[in-house]
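Subject: Structure for you to look at

Hello,

Here is the structure I promised. Please open it and keep it beside you as you read my notes.

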Amino acid sequence: MTTHVDEQVQARIAAAKAKRELQAEQRAELAANRQAGLTARKKAKGKRLYCATCARLQWRGTYYRCPLGCGVAVCRKNPHCGNTHLRQCDNRPEAS
Ligand SMILES: [Zn+2]
Ligand SMILES: [Zn+2]
């Protein structure tokens, strides 16, 4: 037979179990979010683009690609960067 106290104990055990399961669920969700964030961050970091001459971080519209086709970025607003790169570019005509 179950007493009133037994019922209370069972209810408390069930509540604790439910709480543990909820916390595990939340932990798993946070871990998944964290992993997704890390992956996105890593991806964004890998895509970052730097000027081939002055190594400043470039954004969309602040750089142009090397006109000789070597694929590097150079500052758009600083002509010095482009001129310096062109003289050192592996694709410059006098290099071959
Ligand atoms: Zn630059
Ligand atoms: Zn180049």
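A nonpolar core is a set of buried Ala, Val, Leu, Ile, Met, Phe, Trp, Tyr and Cys residues joined through C-beta atoms within 7 Å. Buried means that 20 or more other C-beta atoms lie within 10 Å of a residue's own; exposed means 12 or fewer, partly exposed in between, with C-beta atoms placed from the backbone.

This is a predicted model, where local features need pLDDT of at least 70 and side-chain atom pairs count only at pLDDT 80 or more, while totals for chains, interfaces and linings use all residues. Residues are numbered from 1 along each chain as its sequence is written.

The mean pLDDT (the predictor's confidence in each residue, from 0 to 100) is 92. 97% of residues reach 70 or more.

The protein has two helices and four strands (DSSP runs, numbered from the N terminus: helices are H or I, at least four residues; strands are E, at least two). Their order is α-β-β-β-β-α. The radius of gyration, taken over C-alpha atoms, is 30 Å, well over the 12 Å of the globule rule for 96 residues, so the protein is more spread out than a compact globule. That rule is 2.2 Å times the number of residues to the power 0.38. The C-alpha trace spans about 100 × 25 × 15 Å along its principal axes.

Of the 96 residues, 10% are buried. The largest nonpolar core has seven residues: Cys51, Ala52, Tyr63, Ala73, Val74, Cys75 and Cys81. Strand E4 gives three of them, the largest share.

Best wishes

Definitions and conventions: Chains lettered and ligands numbered in written order.
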